[in-house]
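Please look over the chain below before reading on. The paragraphs after it go from the overall form to single side chains.

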Amino acid sequence: MGSMLIKNKELNNMNKYENLENLIKQLDNINAEYEKKMDKLRAKQDRDASFMWQRIAIEKAKLREGNK
């Protein structure tokens, strides 16, 4: 009876360990998706910022030309 109880505890611990491993894999997948989305967002923000600075330079040039 005692050995049966020990085997059940061992199986229970193994199941818990497998569940934790699966959760870690899921978190890794979620983190990878998050990083992909953040990379896309950063790239878009960089493009937007570059465009904004180009527009500012053009407007400054127009102002300089208008002041001459």
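What follows is an account of the fold, the surface and the charged pairs.

This is a predicted model, in which local features need pLDDT of at least 70 and side-chain atom pairs count only at pLDDT 80 or more, while totals for chains, interfaces and linings use all residues. Residues are numbered from 1 along each chain as its sequence is written, and side-chain values use heavy atoms, with hydrogens and water left out.

The protein contains one helix and zero strands; helices (H or I, at least four residues) and strands (E, at least two) are DSSP runs, numbered from the N terminus. The radius of gyration is 29 Å, well over the 11 Å that the globule rule gives for 68 residues, so the protein is more spread out than a compact globule. That radius is taken over C-alpha atoms, and the rule is 2.2 Å times the number of residues to the power 0.38. Along the principal axes, the C-alpha atoms fill a box of roughly 100 × 10 × 5 Å.

Helix H1 covers residues 2-67 and includes Asn 12. Asn 8 is also placed in helix H1. From Asn 12 to Lys 40, 28 residues along the chain, the C-alpha separation is 42 Å. From Asn 8 to Glu 59, 51 residues apart in sequence, the C-alpha distance is 75 Å.

How much of the protein is buried? Of its 68 residues, 0% count as such, where buried means under 20% relative accessible area, exposed over 50%, and partly exposed in between (1.4 Å probe, protein chains only). Asn 12 counts as partly exposed because its relative accessibility is 38%; Asn 8 is likewise partly exposed, at 44%.

Next come the charged side chains. Side chains of opposite charge can pair when their charged atoms come close. A salt bridge here is a side-chain nitrogen of Lys or Arg within 4 Å of a carboxyl oxygen of Asp or Glu, and the count comes to five. One of them joins Glu 33 and Lys 36, at 3.6 Å from N to O. These two residues lie three apart in helix H1, about one turn. Arg 42 and Asp 39 form another, at 3.0 Å. Because they are three residues apart in helix H1, about one helical turn separates them. Arg 42 is partly exposed at 39% relative accessibility, and Asp 39 is partly exposed at 45%.

Lys 62 pairs with Glu 59, their closest N and O atoms being 3.6 Å apart. Salt bridges that share partners join Arg 55, Glu 59 and Lys 62 into one network.
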